[in-house]
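Please read the points below alongside the sequence and the coordinates.

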Amino acid sequence: MELQVWKEILSPYELAVDELVLKLNHVIREHSEKGIYCPIEQVNGRVKSISSILAKANNKNIPIEDITKRIEDIAGIRIMCQFVEDISKVVEYLRSRSDMEIWSEVDYITKPKESGYRSYHMVIHYQVQTSFETKVIPVEIQIRTLAMNFWAVIEHSLQYKYQRNIPSHIRKRLMASAEAVLSLDNEMASIRDEILEAQTSFRKKASIVHDILETISNLSKVASSEEVISMQQEFFQLYNEGDMDILKSFSLKLDRMVKEYTN
């Protein structure tokens with residue numbers, strides 16, 4: 001098959017991946033702007049390379065003309081979560097969306113593969129509008145924790161290196177590391193509230209600091225340089241003390257100063 005033909009075949013898949021990554025990242029941003037915890041931590045996507053598609057077709061004895069009908073993971077989205085319990089929330093969220101149809105689901109969380117692989121797989125049908133046609137594209141979505149993803153990426157690299165014939169001694173170490181990942185996820189789940197509290201506190205402080213620096217920047221346009229330097233020095237001192245309430249009061253003080261100069 002000519003390269004140009006491959007490009008035409010894969011173009012709608014690339015569009016589907018681009019749109020889904022954009023939409024899911026927007027979900028993260030919406031939660032962040034509202035100060036609400038988002039079960040989606042990270043999103044990325046990819047379209048299989050031509051060589052990977054051909055290799056899979058060869059392994060499964062799929063004729064070239066049936067590739068787009070029988071290979072469901074040409075387009076892939078990977079969603080990473082902080083905690084295992086977030087995975088079910090993401091699954092329910094995807095099921096509720098009106099812009100995709102759930103085609104199949106496989107739970108490798110409760111029933112891991114023999115290799116130790118853990119993830120939740122969904123195949124969706126997603127409609128795209130190209131310049132020339134409307135097309136429904138199958139997209140595989142993998143949902144897993146950050147720890148599961150780290151393990152899966154390493155395992156995939158080893159599968160590629162050894163052409164899916166990983167030596168037994170390495171398989172044993174992979175299984176041991178898979179157990180360690182499971183233990184890590186369980187441990188993180190046990191202190192989930194403390195982790196989220198710390199992250200929320202950090203985000204709030206970062207937001208206040210951003211507002212203060214933005215206000216000082218605006219103040220520099222209307223106030224004397226001596227006054228701006230004085231405010232910067234006071235800010236650095238308060239920041240090092242780390243008291244959130246004092247930082248909030250300082251932010252309000254800066255807001256009043258800007259208003260006095262601009263009124």
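This is a predicted model: local features need pLDDT of at least 70, side-chain atom pairs count only at pLDDT 80 or more; totals for chains, interfaces and linings use all residues.

Valine 128 stands opposite lysine 135 in strand E5. The strands concerned, E4 and E5, form a hairpin with four residues between them.

- Five strands make up an open sheet in the order E1-E2-E5-E4-E3, and their pairing is mixed.
- The edge positions are taken by E1 (42–47) and E3 (101–107); each has a single partner strand, so one side of each is left without a neighbour in the sheet.
- On average, and with direction ignored, neighbouring strands are turned by 25° against each other.
- Strands of a sheet pair through backbone hydrogen bonds, in either a parallel or an antiparallel manner.

**Strand pairs**

- E1 pairs with E2 (residues 75–81) in the antiparallel sense, over six bridges.
- Within that part of the sheet, asparagine 44 has arginine 78 of E2 as its bridge partner.
- E2 and E5 run parallel and are joined by seven bridges.
- Methionine 80 has arginine 144 of E5 as its bridge partner.
- E4 and E5 run antiparallel, with ten bridges joining them.
- E5 is mostly covered, as nine of its twelve residues are buried.

**Helices on the sheet**

- Helix H1 (residues 3–34) lies across E1, E2, E4 (120–129) and E5 (134–145).
- The direction of H1 is at about 180° to that of E1.
- Helix H4 (residues 84–96) also packs on the sheet, where it touches E2, E3, E4 and E5.
- The direction of H4 makes about 165° with that of E5.

**H1 with H2**

- H1 and helix H2 (residues 50–59) pack at an angle of about 85°, and their axes are 12 Å apart.
- Angles of 65 to 115 degrees count as roughly perpendicular, and H1 is therefore roughly perpendicular to H2.
- Leu3, Trp6 and Leu10 of H1 meet Ile50, Ile53 and Leu54 of H2 in this contact.
- By class, the contact of H1 with H2 has six nonpolar residues, with no polar and no charged ones.

**H8 with H9**

- Helix H8 (residues 225–241) and helix H9 (residues 244–262) pack at an angle of about 165°, with 10 Å between their axes.
- Angles over 145 degrees count as roughly antiparallel, and H8 and H9 are therefore roughly antiparallel to each other.
- The crossing of these two helices, H8 and H9, is left-handed.
- On the H8 side, the contact is made by Glu227, Met231, Glu234, Phe235, Leu238, Tyr239 and Glu241.
- On the H9 side, the contact is made by Ile246, Leu247, Phe250, Lys253, Leu254, Met257 and Tyr261.
- By class, the contact of H8 with H9 has ten nonpolar, no polar and four charged residues.

**Arginine 192**

- Arginine 192 is found in helix H7 (residues 192–219).
- Its relative accessible area is 12%, and arginine 192 therefore counts as buried, the cut-off being under 20%.
- Leaving aside neighbours within four places in sequence, arginine 192 is in contact with Tyr37, Phe83, Glu85, Asp86 and Lys89.

Conventions. Residues are numbered from 1 along each chain as its sequence is written. Side-chain values use heavy atoms; hydrogens and water are left out. Axes are lines fitted to C-alpha atoms, for helices over the stretch in contact, and angles run from 0 to 180 degrees between N-to-C directions. Angles under 35 degrees count as roughly parallel, over 145 as roughly antiparallel, 65 to 115 as roughly perpendicular and the rest as oblique. A crossing is left-handed if the near helix is turned anticlockwise from the far one by less than a right angle, and right-handed if clockwise. Contact means heavy atoms within 4.5 Å. Ala, Val, Leu, Ile, Met, Phe, Trp, Tyr, Cys and Pro count as nonpolar, Asp, Glu, Lys and Arg as charged, and the others, Gly among them, as polar. Two strands pair if DSSP finds at least two bridges between them. Buried means under 20% relative accessible area, exposed over 50%, partly exposed in between (1.4 Å probe, protein chains only).
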